[in-house]
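User: I want to go through some labels used for this model and hear what each one rests on. Please set each value against its definition.

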Amino acid sequence: MAERSPHHDTLLAEAVTVLNRYTHFSALHRVTFSLTPDGRLAGQLERTDGTPIPTSDHPLDKKLVHLKDQTVVIRPFFLPMSRSPWDEKECNAFTQVDFDYAAILGYQVTGQEEVALHALYFLPTSALLYGRKPGPDGVWKLPLGTYGVHRLSLDPRKTFARSLYLSERMVDALEYQYDTVGYYYSCPPAK
């Protein structure tokens, strides 16, 4: 990823706050979100009954155990939704698919180089890449404004949230990723 700027840090902090509003809406699994030192987001999965995932007999947990520390790697993308002084093209381009989920942070510039999170699109990597391929140079450049179906409510307690049980949606997508690819993008098999 390209170097982060201060407005990215603001948006990432807001995204963690928004995503953690979904933590308490859980059934079998719970996910807690945090910011990683490299500017990504992390989703720590755990079972709500307290059973450690590595010792669980549940068929889904036998797949989730292959996810390093049961942590989902989430790559942020930055989508200006108003006039912006920043060009996000370089920051949003990537060559390596090494993340399990994507968080597209739609933002508006509210003042002189101040930003506010306006929309959060949260989708599995398989949905992000579906029907897309990297350019001839091996760089992925995605049309970020086209993922509206994956939009989350910024406050699920105040606004209707179609995907209220986000943790269950995430583990279903992770299971699909493991079943179709054979591994998680964030921890590919050794060559």
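User: Which residues is Asp61 in contact with, leaving aside its neighbours within four places in sequence?
Analyst: Asp61 is in contact with His29, Arg47, Ile53 and Ser56, where contact means heavy atoms within 4.5 Å. This is a predicted model, in which local features need pLDDT of at least 70, side-chain atom pairs count only at pLDDT 80 or more, and totals for chains, interfaces and linings use all residues. Residues are numbered from 1 along each chain as its sequence is written, and side-chain values use heavy atoms, with hydrogens and water left out.

User: Why is Asp61 called buried?
Analyst: Buried means under 20% relative accessible area, exposed over 50%, and partly exposed in between (1.4 Å probe, protein chains only). Asp61 has 0% relative accessibility, so it counts as buried. Its place is in helix H2 (residues 59–64); helices are DSSP runs of H or I with at least four residues, strands are runs of E with at least two, and both are numbered from the N terminus.

User: Why does Tyr147 count as buried?
Analyst: Tyr147 is at 6% relative accessibility and so counts as buried. Tyr147 is found in the loop between helix H4 (125–129) and strand S6 (151–152). Leaving aside neighbours within four places in sequence, its contacts include Ile104, Tyr121 and Leu142. A polar atom of the Tyr147 side chain lies 2.7 Å from the backbone oxygen of Leu128.

User: What makes S1 and S2 a pair, and in which sense do they run?
Analyst: Two strands pair if DSSP finds at least two bridges between them. Strand S1 (residues 29–35) and strand S2 (residues 41–47) have seven bridges, in the antiparallel sense. Arg30 has Glu46 in S2 as its bridge partner. The two strands form a hairpin with five residues between them, and Gly39 in the turn has a positive phi of about 85°.

Methods
A polar contact is a pair of N or O atoms within 3.5 Å; within protein, one must be able to donate a hydrogen and the other to accept it, and residues adjacent in sequence count only if both atoms are side-chain atoms.
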